[in-house]
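I opened a new notebook page for this structure.

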Amino acid sequence: MSKVIFVGDVHLKGSSPISRKDDYPEVILNKLKYIADYAEEIDCKHILFLGDIFDTVNTSLQYFSYVLSVFKSIRDRGIEIYTIVGNHDIRYESLDSIPTT
């Protein structure tokens with residue numbers, strides 16, 4: 001039987017909300033790395049993100065690229081990543097916009 005870790009509503013964001021004192025983009029990515037470490041520790045080979053990977057579709061290319069490198073490093077550890085599209089992941093919260101998001 002395979003183990004799966006479910007992660008919901010990460011809301012990755014390339015800038016810190018005004019109410020945060022820490023470096024939110026880095027803190028949240030470190031949490032993803034922690035999840036990968038935990039998955040490895042319990043011999044889990046699958047992580048399923050339940051939508052809203054990003055807080056907005058207007059994510060900078062630089063931050064998007066950095067997030068992809070984190071996801072790639074997780075995959076390189078032998079852990080498969082699956083995602084479900086959330087309303088924050090697509091323009092106008094419409095499935096019709098997926099091809100252009």
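**Charged pairs and a surface patch**

I began with K13, which forms a salt bridge with D55; the closest N and O atoms are 4.0 Å apart. K13 sits in the loop between β1 and α1 (24-41), and D55 in the loop between β2 (46-49) and α2 (61-75), so this pair ties together parts that are 42 residues apart in sequence. I note that the model is predicted.

Next I looked up how accessible the two partners are. K13 has 26% relative accessibility and counts as partly exposed. D55, at 25%, counts as partly exposed too.

How many salt bridges are there by this rule? I found that the count comes to six.

I then checked R20 and D22. Their side chains meet in a salt bridge, at 2.8 Å from N to O. R20 is partly exposed at 31% relative accessibility. D22 is partly exposed, with a relative accessible area of 31%.

K45 pairs with D43 in a salt bridge, and their closest N and O atoms are 3.5 Å apart. I logged K45 as partly exposed, at 41% relative accessibility. Elsewhere, salt bridges that share partners join D37, E40 and R77 into one network.

Last, I turned to nonpolar side chains. Which residues form a nonpolar patch on the surface? They are V4, F6, L50 and I84, with about 360 Å² of accessible area together. I looked up F6 in particular. F6 lies in strand β1 (residues 4-7). Its relative accessible area is 53%; the cut-off for exposed is over 50%, so F6 is exposed.

Key: Residues numbered from 1 in each chain as written. Predicted model: local features only at pLDDT ≥ 70, side-chain atom pairs only at ≥ 80, totals over all residues. Heavy atoms only, no water. Patch = residues over 30% accessible without salt bridge, like charges linked within 9 Å, V, L, I, M, F, W, Y side chains within 5 Å. Areas by Shrake-Rupley, 256 points an atom, 1.4 Å probe, with all protein chains shown as cover. Helix = DSSP H or I, 4+ residues; strand = E, 2+ residues; numbered from the N terminus. Buried < 20%, exposed > 50% of the residue type's maximum accessible area, 1.4 Å probe, protein only.
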